Amino acid sequence: MRNTPDVFATGRAFSEDEVKGKTVVVIDVLRASSTIVTALHNGARGVIAVEDMGDATRIAQNLDSSSYLLCGEQGGVKIEGFHLGNSPFEYEADVVKGRTLIFNSTNGTPTLVRCSGAKEVIIGSFLNAGAVVERLRETTREILIVCSGWKSRLSFEDMLCAGYLLHTFIGADLPDDAPDGAQLADALYKQYGGNLVASVERSNHGKRLAGLGFEADIPYCCTIDKSNVVPVLMDGLFV
Ligand code: 3SL
């Protein structure tokens, strides 16, 4: 029988060696993982996750200007000079179809970069949870669920989503030997999963985003199984 996937609470809670040889699901519910899933669902060609703005502009210099969009946020708002911010509502099909998105966000994309040495890197969110779980059922590798968190701290909404993924993958009760991270995520989901939107609205980042005028992003990012897209890292590009 396979081990219960462990859940890491932040994008800094592990060494890059720990992901080697494993299937890793990276979650940043608010909002990078939800926005990337939306962009690919709406026909983006692929997403290059970068750690900082400098990397984004360096990569862009080698691409035909009609082929890419510079995307991402700093402090929750669009980076000056970039084409798009980090609200999923900006990633409509008529904007992103066929384009490569070079994407930089505060916690989500640095976490994706830190996990890039894994055997398989998958982007997870509530939006594509069912499809992610189907994909996980196909692997025999050890699985890790990595929550991006917020600047080395735990984020309520990422843990909640990790709990939902575990609940869908394993069922109502985790085995007794489940790792603590998995038990915590599972307990959080059992406590708050009945009212996703209201509990995420009460989270620290939910309040931060509402303060920036992005309150509509929260119910959207809490929508379960809106998409069957499972972004997987292939040669530096999430497709
Ligand atoms: O931290 C991140 O990567 C972002 O998704 C944060 S924000 O929702 O755009 O503020």
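Which residue takes a positive phi just after H9? That's Gly 213, with a phi of about 90°. Keep in mind that this is a predicted model, where local features need pLDDT of at least 70, side-chain atom pairs count only at pLDDT 80 or more, and totals for chains, interfaces and linings use all residues. Residues are numbered from 1 along each chain as its sequence is written, and side-chain values use heavy atoms, with hydrogens and water left out. Helices (H or I, at least four residues) and strands (E, at least two) are DSSP runs, numbered from the N terminus.

**Helix H7**

- H7 covers residues 180-192, so 13 residues in all, and spans 18 Å from first C-alpha to last; that's close to the 18 Å expected at 1.5 Å a residue (1.5 Å times one less than the number of residues).
- Gly 181, Ala 182, Ala 185, Asp 186, Leu 188 and Tyr 189 are the buried ones in H7 (buried is under 20% relative accessible area, exposed over 50%, partly exposed in between, with a 1.4 Å probe and protein chains only).
- An α-helix has 3.6 residues a turn, so residues three or four places apart point the same way.
- Asp 180 and Gln 191 sit exposed on the other side of H7.
- Strand E1 (6-8) and helix H6 (156-170) are among what covers the buried residues of H7 (contact means heavy atoms within 4.5 Å).

**Helix H9**

- In H9 (residues 204-211), the buried residues are His 205, Gly 206 and Leu 209.
- They take up an arc of only 105° around the axis, which puts them on the same side of H9.
- Over on the other side of H9, you'll find Asn 204, Lys 207 and Gly 211 exposed.
- The cover over the buried residues of H9 includes H6, helix H8 (196-201) and helix H10 (217-221).

**Strand E8 and its partners**

- In E8 (residues 143-147), 5 of the 5 residues are buried, so the strand is largely enclosed by the rest of the structure.
- Ile 143, Ile 145 and Cys 147 are buried on one side of E8, and Leu 144 and Val 146 on the other, so to speak covering both faces.- E1 and E8 run parallel, joined by 3 bridges (two strands pair if DSSP finds at least two bridges between them).
- Strand E2 (residues 23-27) also pairs with E8 in the parallel sense, over 5 bridges.
- Leu 144 in E8 has Asp 6 standing opposite, and Val 24 stands opposite Leu 144 as well.

Key:
The arc is that of the directions from the helix axis to the C-beta atoms.
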